[in-house]
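Here are my notes on the model you sent over. Have it open while you go through the points.

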Amino acid sequence: MTDPTTPEPTARPAAGESANSGSARPSNSAENPWPVRSIALKVSQWIDRLGSVWVEGQITQMNVRPGSRTAFLVLRDPAADMSLSVTCDPALLRSSAVPLQEGSRVVVYGKLTYFTGRGTLSLRVTEIRPVGIGELLARIERLKALLAAEGLFDPRLKRPIPFLPGTIGLITGRASAAERDVLSVAQQRWPAVRFEVRNTAVQGPTAVPQILEALAELDRHPDVAVIVLARGGGSVEDLLPFSDETLCRAIVSATTPIVSAIGHEPDNPLSDYVADLRAATPTDAAKRIVPDVAAERARVRELRERSAAALRGWVQRELRALDQLRSRPVLSDPLRLLDQRHEETERLRTAARRAVEHSLTAESTATRHLREKLTAVGPAATLARGYAVVQRISGAERHVIRSVADSPPGTQLRVRVADGAISAAALGAQTITKDTAALGAETITKESRSERQ
């Protein structure tokens, strides 16, 4: 209650105490306790020093008794579970430009008063200003800019929503249309889905604390995979709790993905921006977080058919490829190339054999011709045609007579003919003229031709 930096006020003398006592008052201790009146007076003095202040809050209770000169109100902080008693002149409430009722946001000007008799504190206000729609929207826009500047709207912070959450946490009003829509649509789409439902106030001064408590509880729940904030449509004042700064920061700091399904399509509280997924309506939220079992079965069936068709197509392509491979000569008739090479080898061998035989025949013919020529011009053939070789015998030596001068008369001769040799002696010599030699040569030539024929 006290500020340690402010000097402690001097306590007023209690009843029966002398203000001008000559001795100082003894210090406070267990032996010298202060009476309740002293404490109450000290508290009153400290509160009185605060002076008049402007305070913003939400009216949660309003008690205006007929004929009473004082109206009693309770002013609550929308973002915290704190409230303050307020008193004012009933005329302030009646003269307000905007009718005031429980749930209205107001800004009041007054002075805190501590009633020493009852030990209670209240704010005595002298001015009340209702917070209008325009001001509320302007404040929401300022808060939106602040949160955006801090990066709380960054898409990179968004957590992915699980494809098939086992358990879904649902925060909504009790027996509300939003609750019925989410539960019915989700169970129609996936009958096995489970819910952890937390019913809270979704408007009014108690909405934010209850939503924060439910959000923290579901965030700690080990089975909850996603949390849905669901509420039907309403006015700007009705949706104010979902634009509360404390709630927005709690959504960002949660570890479980959160879906915001507040109001209808045109409604955009700040929770839509900080949540991991924004749904246009509670029904849309159920559709986006719970898969449709019929659609999934149809998709699985379609994928199975597509995969089977793809497999069949792949098998057909591979079969065609195998057929093409089998139709190639190297696979359809593996020995065909060997047969071709064998035929070519045989052809080459035959050609080589024919060439060799031709060469051998030609060479044999040439050899025969040469042999015949040699035979024709050889001495045996000459002898066989009636010619003879005359040799002179001189002792053991024999010399062929080539001229008449080599065989004088009486020379022993050896005449070799075709079938033997004859011993003879030279009786004389006769010289042959050129004409006689030419005639003899012609005669020899004719004889040789006749023998060949």
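Which residue in S8 is the bridge partner of Leu 170? Val 228 is the one. Before the rest, two remarks on the ground rules. This is a predicted model, in which local features need pLDDT of at least 70 and side-chain atom pairs count only at pLDDT 80 or more, while totals for chains, interfaces and linings use all residues. Residues are numbered from 1 along each chain as its sequence is written, and side-chain values use heavy atoms, with hydrogens and water left out.

1. Overall make-up. The chain has 13 helices and 14 strands; these are DSSP runs numbered from the N terminus, helices being H or I with at least four residues and strands E with at least two. Of the 453 residues, 29% are buried (buried is under 20% relative accessible area, exposed is over 50%, partly exposed is in between, with a 1.4 Å probe and protein chains only). Looking at contacts with a separation of 6 or more, 60% are between residues 24 or more positions apart; contact here means heavy atoms within 4.5 Å.

2. The sheet. Five strands make an open, parallel sheet, in the order S7-S6-S8-S9-S10; two strands pair if DSSP finds at least two bridges between them. S7 (194-199) and S10 (277-278) are the edge strands, each with a single partner, so one side of each has no neighbour in the sheet. Further in, S6 (residues 167-172) and S8 (residues 224-231) run parallel and are joined by five bridges.

3. Helices on the sheet. H5 (residues 207-220) packs against S6, S7, S8 and S9 (258-262), and its direction makes about 175 degrees with that of S6. H8 (residues 282-289) lies across S6, S8, S9 and S10, at about 165 degrees to S8. For these angles, axes are lines fitted to C-alpha atoms, for helices over the stretch in contact, and the angles run from 0 to 180 degrees between N-to-C directions.

4. Two cores. A nonpolar core is a set of buried Ala, Val, Leu, Ile, Met, Phe, Trp, Tyr and Cys residues joined through side-chain atoms within 4.5 Å. The largest one has 30 residues, and Ile 171 and Ile 251 have the most contacts inside it. H3 (133-149), H5, S8, H6 (245-253) and S9 each supply at least two of its residues, with H5 giving the most, seven. A second, separate core has 20 residues, including Leu 170, Val 193, Val 226 and Leu 277.

5. In the loop between S6 and H4 you will find Ala 175, which is exposed at 59% relative accessible area. Its phi is near 50 degrees, a positive value in a residue other than glycine.

6. Gln 58. This residue is in S1 (residues 52-63) and is buried, with a relative accessible area of 7%. Leaving aside neighbours within four places in sequence, its contacts include Arg 76, Arg 105 and Pro 205.

7. Cysteines. Counting a disulfide as a pair of cysteine sulfur atoms within 2.5 Å, the total is zero. Cys 88 is buried at 0% relative accessible area, and Cys 248 is also buried at 0%.
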